[in-house]
Amino acid sequence: NYCYSGNSLGAASENASTCLMNNADSWAVIDNAIWTLDTITNDFKLNVPIGTVDDYNNKTGLLTYYGALREFADKVKELSGDDAIVIAANALHRNNGGATSTSQNSKGHKLTDYEKALTYACMVNGWWYVDQYRLCGVNDNTLEKGQQGFYVRAVTDLIPIKKTAQKMEKH
């Protein structure tokens, strides 16, 4: 029920209006909910610093992507308990808005750098992970050919979901 188009998970400043976690206090308690997290593109585009695994482990807050992932994980656990299911997805290949699949943002990070942080959060929390970047069929060749219909079909037909930790077997 919470879709924040154009918002990032992390923030360049504590009160950033484009940070979806700054809206988290309005989220409702829903036991055993299914959450989806698809944020990499906006964090990349809005130049949110990646940070390090230590930002995640030490709960440093929203000013790095790792820290924001921890904020999200803690909020999901608070609102939906230990049995919540989180399905996280990395970004598709891109070539728009001055950014490509392999370009760096102003902080020197690539889309795949954000993916590494997200993958870490998936591993430590037992979240499901959808690898759109590699498995959906959208790649730099199909982007260059402008196959937008293919883009939509590939995303809607995306089925492969990988377990990221043994913990998920209980679901």
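**View 1. A salt bridge joins Asp-82 and Lys-77.** A salt bridge is a side-chain nitrogen of Lys or Arg within 4 Å of a carboxyl oxygen of Asp or Glu. Both Asp-82 and Lys-77 are exposed (exposed means over 50% relative accessible area, buried under 20% and partly exposed in between, using a 1.4 Å probe and protein chains only). This is a predicted model, in which local features need pLDDT of at least 70 and side-chain atom pairs count only at pLDDT 80 or more, while totals for chains, interfaces and linings use all residues. Residues are numbered from 1 along each chain as its sequence is written, and side-chain values use heavy atoms, leaving out hydrogens and water.

View 2. Helices are DSSP runs (H or I, at least four residues), as are strands (E, at least two), numbered from the N terminus. Asp-74 is partly exposed at 31% relative accessibility, whereas Arg-70 is buried at 17%.

**View 3. Lys-75 and Glu-78 form a salt bridge.** Their closest N and O atoms are 3.3 Å apart. Lys-75 is buried, with a relative accessible area of 11%, but Glu-78 is exposed at 55%. Look for Asp-25 too: Asp-25, Lys-75 and Glu-78 are linked in a network of salt bridges.

**View 4. Phe-72 pairs with two Trp rings, Trp-27 and Trp-127.** A search of the whole structure finds eight aromatic pairs (rings of Phe, Tyr and Trp, the last by its six-membered ring, with centres within 6.5 Å; planes under 30 degrees apart are stacked, over 60 edge-to-face and the rest tilted). The ring centres of Trp-27 and Phe-72 are 6.5 Å apart and their planes stand at 75 degrees, so this pair is edge-to-face. Trp-27 lies before strand 1 (34-37) and Phe-72 in helix 3 (residues 65-80), so the pair ties together parts 45 residues apart in sequence. Both Trp-27 and Phe-72 are buried. For Phe-72 and Trp-127, the centres are 5.8 Å apart and the planes at 85 degrees, so this pair is also edge-to-face. Trp-27, Trp-35, Phe-72 and Trp-127 form one aromatic cluster.
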